[in-house]
Amino acid sequence: MAAALVEKAPAKINLTLRIVGRRPDGYHELESLVAFADLADTLTLEPGAAASLEVTGPFAGPSGPAADNLVLKAEAALRKCVDGLISGCFQLEKHIPVAAGIGGGSADAAAALRLLARLNNLAGDDPRLMAAALETGADVPVCLGSRATVMRGIGEKLSVPLDLPHLPAVLINPRVAVPTRDVFAKFAGTQSGTALPEPVPVGAEGFIAFLERHGNDLTSGAIACAPAVAEVLDALRALPNALLARMSGSGATCFALFASAGEAAAAAWLLQAQHKDWFVYPTTLG
């Protein structure tokens, strides 16, 4: 039997998020600068006869039934594209909060596609992988490469990977699940800024100033669904040395950026001491 294969599934962080329109099918078109954190799930694939999934880890419970998991949906989508796809038993160790606006499920699905590509000797740029990713979910294509990128449309239009400055950060989730559908339903149609420039600035000081000009259009909708988001943002903005505080995706996870990893770690310690029920994670975005 072939050896088990392992992939990390890093959390996706929307540094900016702008809603630019709505399509006839009801989906919103967006423009978002995306980075990735070192907070990650771990997905293992043991080759076998049929696809299955076992979920463990601190956020296994909130992940819901395995049959509804995006890992198996990604496998099924790729199976439709690849005749005789070899699959097996997936084991997911869940460390990313669920329904948190940081793409945990999408990251897991993308990791599943990377594992299946390795097992079936598919090239990383095989168009069938991207087709399966887009069928599985809007955030899965950007998670497939897990590189800083500008995503547009409904997630299918990706810029070339970007070399962003390293961004020491703290991620905060108040352990409140915020369904994406509910947040979009609250979106009032007010945009937070103009289109992202080309190219995106990459110098540290200029980059923070750039982020200050481009926000997250879904913030007010998320606060309407979960007032805890406003509490988290207030706590982040009050931190010593915080350069910027913002919500990621459709929430409820928020982040603050710092000039150094030491400042981020100190801020995480302070927040965890003050809010023992929050999920607090110091990280570096890039």
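This report describes aromatic pairs, helix packing and some backbone features in a predicted model.

## Aromatic rings

A pair of aromatic rings is described by the distance of the centres and the angle of the planes. A search of the whole structure finds 3 such pairs. In one of them, the ring centres of Phe59 and Phe279 are 5.6 Å apart and the planes stand at 80°, so this pair is edge-to-face; the cut-off for that class is an angle over 60 degrees. Phe59 belongs to the loop between β4 (52-56) and α1 (70-81), while Phe279 belongs to strand β11 (residues 279-285), so the pair ties together parts that lie 220 residues apart in sequence. Both Phe59 and Phe279 are buried. Together with Tyr281, these two residues form one aromatic cluster.

Another aromatic pair joins Phe207 and Phe210, with 5.8 Å from centre to centre and 35° between the planes, and it is classed as tilted. Both residues lie in helix α6 (residues 204-213), where they are 3 residues apart, about one turn of the helix. Phe207 has 0% relative accessibility and therefore counts as buried. Phe210 likewise counts as buried, at 0% relative accessibility.

## Packing of helices

Two packed helices are described by the angle between their axes and the distance between the axes. The table gives these values for two helix pairs.

| Helix pair | Angle between axes | Distance between axes |
|---|---|---|
| α2 and α3 | about 155° | 10 Å |
| α1 and α2 | about 40° | 8 Å |

Helix α2 covers residues 104-119 and helix α3 covers residues 127-136. Their angle of about 155° makes α2 roughly antiparallel to α3, because angles over 145 degrees are counted in that class. The crossing of α2 with α3 is right-handed. On the side of α2, the contact is made by Ala109, Leu113 and Ala117, and on the side of α3 by Leu129, Ala132, Ala133 and Thr136. These residues comprise 6 nonpolar and 1 polar, with no charged residue.

For the other pair, the angle of about 40° makes α1 oblique to α2. The crossing of α1 with α2 is right-handed. From α1, the residues Leu70, Val71, Ala74, Glu75 and Leu78 take part, and they meet Gly105, Ser106, Asp108, Ala109, Ala112, Leu113 and Leu116 of α2. By class, this contact has 8 nonpolar, 2 polar and 2 charged residues.

## A buried asparagine

Asn69 is located in the loop between β4 and α1. Is Asn69 buried or exposed? With a relative accessible area of 9%, Asn69 is buried, because the cut-off for this class is under 20%. When neighbours within four places in sequence are left aside, Asn69 is in contact with Leu53, Val55 and Leu92.

## Backbone features

Most residues other than glycine have a negative phi, and most peptide bonds are trans. Some places in this model depart from that pattern. The peptide bond from Gly251 to Ala252 is cis, with omega near 10°. Ala252 is placed in the loop between β9 (244-247) and β10 (254-257).

Arg175 has a positive phi, near 60°, although it is not a glycine. Arg175 sits in the loop between β8 (167-173) and α5 (180-186). Asn241, also a residue other than glycine, has a positive phi near 75°. The loop that holds Asn241 runs between α8 (228-237) and β9. Asn241 is partly exposed, with a relative accessible area of 48%.

Note on methods:
Residues numbered from 1 in each chain as written. Predicted model: local features only at pLDDT ≥ 70, side-chain atom pairs only at ≥ 80, totals over all residues. Heavy atoms only, no water. Phe/Tyr/Trp six-rings, centres within 6.5 Å; stacked < 30°, edge-to-face > 60°. Helix = DSSP H or I, 4+ residues; strand = E, 2+ residues; numbered from the N terminus. Buried < 20%, exposed > 50% of the residue type's maximum accessible area, 1.4 Å probe, protein only. Axes fitted to C-alpha atoms, helices over the stretch in contact; angles between N-to-C directions. Parallel < 35°, antiparallel > 145°, perpendicular 65-115°, else oblique. Left-handed = near helix turned anticlockwise from the far one by under 90°. Contact = heavy atoms within 4.5 Å. Nonpolar A, V, L, I, M, F, W, Y, C, P; charged D, E, K, R; others polar.
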